[in-house]
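Please have the sequence and the model open while reading.

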There are 2 protein chains.
Amino acid sequence: MTETTASPYELFYWPTIQGRGEFIRLALEEAGAEYVDVARQPKETGGGVPRLMQLLHDGEGSVLPFAPPLLKSGSLLLSQTSVILAYLGPRHGLCPDSEAGRLATQALQLTLSDLVSEVHDTHHPVSTQLYYEDQKPEAARRARALVDHRLPKFLRYFERVLEQGDGEHLVGTATTYADLSLFQVLEGLAYALPNTLSRIEHEVPRVAALRERVAQRPRIGRYLASERRIPFNENGIFRHYPELDLG
Amino acid sequence: MTETTASPYELFYWPTIQGRGEFIRLALEEAGAEYVDVARQPKETGGGVPRLMQLLHDGEGSVLPFAPPLLKSGSLLLSQTSVILAYLGPRHGLCPDSEAGRLATQALQLTLSDLVSEVHDTHHPVSTQLYYEDQKPEAARRARALVDHRLPKFLRYFERVLEQGDGEHLVGTATTYADLSLFQVLEGLAYALPNTLSRIEHEVPRVAALRERVAQRPRIGRYLASERRIPFNENGIFRHYPELDLG
C-alpha cells in the first residue's frame, strides 16, 4: 500500500540530535520513503537551522507550529510527532487498515511519547532553561522514581500488550510505527540507563525480542549503519549520566 | 454534521476530578452527544471505579489501554485524550473538514496536552508516587520555571495562532475541540495560579477573549452550571497551592 508522493517529504528537526525527530526518521526509513532532512542540508542550499527557524516562526500559511519535528508533505505542514506518524502510518502500511487498529496504534504512540517525556525529565526535572548541572539533586530524585516505578510500569504494560496480541507486534500482525518507536525508546534507554534496562529487560522478554527484531529489519539495519543515524549524545532526550542509572 | 450513534458513548474516567477526562466531557457536551460517565454511576448498576479498573485491566478484546480517559463508541475502545478528541472532532463538527485543518487541530491539542503535563509537574516534579508535601522544594523551583518561561511561551504561542487566524478560533472559523481545550486550560490556570494568569493575560488579549466566549456558549454554559461539572480540587491536575502562584 505504499504510495509515492509527487515530491519528497521534507523533515525539519534539529540537525545534531536524534530527539523526537528520530521517530519520524525511523518511520520514513522503514517506509523507504524519499525525504530531505532539511536542517542537515547546507545553509547555502536553503537548509540548516535558519530554514527550520524561519518555518517555525511564520508557518508559511499553515497554522503556526509550536516546536519541531515538522513535516512538509506537498502543501501540508504537519507538527507534533504523533500527528506526523498518524499521517504517515496509513500512507505507508505502517499501521493496520482497520479503524480500531489505526486508533490503537495512535494511542500506543502517545503512551510512548509520555514515557519519552518522563525520561527527558530525569535530567531536566526543574527547567529546560537550566543545564543539567544546575538541577542535579532534583534529577537524582526524579531518576529514582523513574527507575523504581515508572519505567517498570511502562515496560510491563508493553509486554502485556504484546502478550495479548500476536506476541511480536504491538498491534496487528505486521510492523507498525508504534513498534519502531518502542524500538527507539529501548535503544535510547540502553544508551542512557544501561544498568536499569538490563535489570528490567529480563522481566519483559517480548519487549526485548521486539527490539532485536526491529534492529534486524533490512531498511532499519541499513539506516542504523549509515551516517544518517546521528549517534546518541548528551544534548538529546536520552543522555548517559551514570549517576542517574540507578539500576 | 452531527451524527447520531446507535448507543450512547461511554466515558471512563476518575469520578471525582476534572483531570484529562474533562477535555472529553467538554467536547461531548458541546456536541450535545449522549454519553454515560460510567465511573460516576453507582457500582450497583455496573458503574463506579471498579468498572473502570476492570476495563483498564483487560481491554475487553481491544488493545490494552495504558490509562484513563477511555471512550467506548460501539465496539471501539479508544484511549489517550488526543486520540479520543481526534475521533470525536469530525463526527460532531468540532474540527474543520479539510485534512489540513483536521491535522492542525490535532497538533494544537497535543501542544495543549504538553502544557497540561507541565502544569501538573509543578506540584509533582519528582514523582506521582509521592505527595506534593514530599516534593515542595522541587515544586517551588519547577513552578518558577513555568511561571517565568514556559507558561508565557505557550500562551504567547496561542495568541499568535489566533492572530494569524480569524482572531477568534485557533483553526478555521468555528469552534473546535482545541478551542474548548484551551478554555479548559485557562479555567484551570485561573483556579491554580490566579496571580500568574492575571499577570500574563493582559499580554494575550485574544486568548483571554476566547476563554470568555467559550464559557458563554449555550451548551458549555449549561454544563458548567450543572452538577456534571466537578469543581476543581487538590486531587486533579490544576491545584491551588498559593506558594506556587509566583505571579
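Buried area is the accessible area, taken with a 1.4 Å probe, that two parts lose on being put together, summed over both. In this predicted model, chain A and chain B bury about 3,900 Å² between them, and 62% of that area is on carbon and sulfur atoms. On the side of chain A, the residues that lose the most area to chain B are A:L64, A:F66 and A:R141, which together make up 19% of what that side buries.

**Contacts between the chains**
- The interface brings 48 residues of chain A into contact with 48 residues of chain B.
- Between chain A and chain B there are four salt bridges.
- B:R141 and A:E138 meet through their side chains in a salt bridge, with 2.9 Å from N to O.
- Polar contact joins 16 residue pairs between chain A and chain B, counting pairs with both residues at pLDDT 80 or more.

**What chain A brings to the interface**
- Two or more residues each come from α2 (48-58), β4 (76-79), α3 (81-91), α4 (99-123) and α5 (136-164) of chain A.
- The element that gives the most to this side is α5(A), with twelve residues.
- Sorted by class, the side of chain A that touches chain B holds 23 nonpolar, 14 polar and eleven charged residues.

**Enclosed cavities**
- The model has five cavities of 30 Å³ or more.
- The largest cavity holds about 80 Å³ of space.
- Its lining consists of A:S82, A:V83, A:A86, A:Q106 and A:L110 from chain A, with B:S82, B:V83, B:A86, B:Q106 and B:L110 from chain B.
- At least two residues of this lining come from each of α3 and α4 of chain A, and from each of α3 (81-91) and α4 (99-123) of chain B.
- The lining of the largest cavity has no charged residues; six are nonpolar and four are polar.

**The second largest pocket**
- About 410 Å³ of space lies in the second largest pocket.
- Of the 27 residues that line the second largest pocket, A:A100, A:A104, B:G61, B:S62 and B:V63 lie nearest its centre.
- The elements that each supply at least two lining residues are α4 and α5 of chain A and β4 (76-79) of chain B.
- α4(A) gives the most to this lining, with six residues.
- By class, the lining of the second largest pocket has 16 nonpolar residues, ten polar and one charged.

Definitions and conventions. Residues are numbered from 1 along each chain as its sequence is written. Chains are lettered from A and ligands numbered from 1 in the order in which they are written. This is a predicted model: local features need pLDDT of at least 70, side-chain atom pairs count only at pLDDT 80 or more; totals for chains, interfaces and linings use all residues. Side-chain values use heavy atoms; hydrogens and water are left out. Contact means heavy atoms within 4.5 Å. A polar contact is a pair of N or O atoms within 3.5 Å; within protein, one must be able to donate a hydrogen and the other to accept it, and residues adjacent in sequence count only if both atoms are side-chain atoms. Helices (H or I, at least four residues) and strands (E, at least two) are DSSP runs, numbered from the N terminus. Ala, Val, Leu, Ile, Met, Phe, Trp, Tyr, Cys and Pro count as nonpolar, Asp, Glu, Lys and Arg as charged, and the others, Gly among them, as polar. On a 1 Å grid over the protein atoms alone, a cavity is a set of points where a 1.4 Å probe fits but cannot get out, and a pocket is an open set with protein on both sides within 12 Å along at least five of seven lines; lining residues have an atom within 4 Å of a point. Grid points are joined across faces, edges and corners, and a volume is the space filled by probe spheres set on the points.
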